[in-house]
Amino acid sequence: MAESMSKGASIRKWVVENKLRSVGCLWLSGIGGSIAYNWSQPGMKTSVKIIHARLHAQALTLAALAGAAAVQYYDTSVKKTDEVTHSA
């Protein structure tokens, strides 16, 4: 039965089971990507580059937390719907 899960369903299941890990990985990749991008921009002080990278990663983290909350809400509502359907 696990083989019949779609790619999206398996990703959603992994995010539900590993909420903090997924947000942490997204934060780490966001700050790494932002530092790499900012380092390619000439004419900025190092401190400004680091501050910009932190701000970009912070915004990405807030988006990831909102996404994790939406996945949790969806998963909870689907489980409640399944329980009502199976009990009836």
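The stops that follow name a selection and then describe what is found there.

This is a predicted model, in which local features need pLDDT of at least 70 and side-chain atom pairs count only at pLDDT 80 or more, whereas totals for chains, interfaces and linings use all residues. Residues are numbered from 1 along each chain as its sequence is written, and side-chain values use heavy atoms, with hydrogens and water left out.

**Whole chain**

Helices (H or I, at least four residues) and strands (E, at least two) are DSSP runs, numbered from the N terminus. In sequence order the pattern reads α-α-α.

The accessible surface of the chain is about 6,600 Å², and carbon and sulfur atoms contribute 67% of it; the areas come from the Shrake-Rupley method with a 1.4 Å probe, and for residues only the protein chains shown count as cover. Of the 88 residues, 18% are buried. Here buried means under 20% relative accessible area, exposed over 50%, and partly exposed in between (1.4 Å probe, protein chains only).

A contact requires heavy atoms within 4.5 Å. Among contacts between residues at least 6 apart in sequence, 49% join residues at least 24 apart.

**Helices H1 and H2**

Select residues 7-17, helix H1, together with helix H2. At what angle do the axes of H1 and H2 cross? They cross at roughly 100° and come within 5 Å. Axes are lines fitted to C-alpha atoms, for helices over the stretch in contact, and angles run from 0 to 180 degrees between N-to-C directions. The two helices are therefore roughly perpendicular to each other; angles of 65 to 115 degrees count as such, those under 35 as roughly parallel, those over 145 as roughly antiparallel, and the rest as oblique. Show side chains for Trp-14, Val-15, Val-16 and Glu-17 of H1 and for Lys-19, Arg-21 and Ser-22 of H2, which make the contact. These residues divide into three nonpolar, one polar and three charged. In this scheme Ala, Val, Leu, Ile, Met, Phe, Trp, Tyr, Cys and Pro count as nonpolar, Asp, Glu, Lys and Arg as charged, and the others, Gly among them, as polar.

Because Glu-17 and Lys-13 are four residues apart in helix H1, about one helical turn separates them. Glu-17 is exposed at 53% relative accessible area, while Lys-13 is partly exposed at 42%.

**Asn-38**

Move to Asn-38 in helix H2 (residues 19-39). Is Asn-38 buried or exposed? With a relative accessibility of 2%, Asn-38 counts as buried. Beyond its neighbours within four places in sequence, Asn-38 is in contact with Met-44, Lys-49, His-52, Ala-53 and His-56.

- Ile-50 lies in helix H3 and is partly exposed at 46%; its C-alpha is 6.8 Å from that of Ile-35, 15 residues apart in sequence.
- Gly-24 belongs to helix H2 and is partly exposed at 33%; a C-alpha distance of 8.0 Å separates Gly-24 from Thr-61, 37 residues apart in sequence.
- Gln-58 is placed in helix H3 (residues 46-87) and is partly exposed at 39%; Gln-58 and Ile-31, 27 residues apart along the chain, have C-alpha atoms separated by 8.4 Å.
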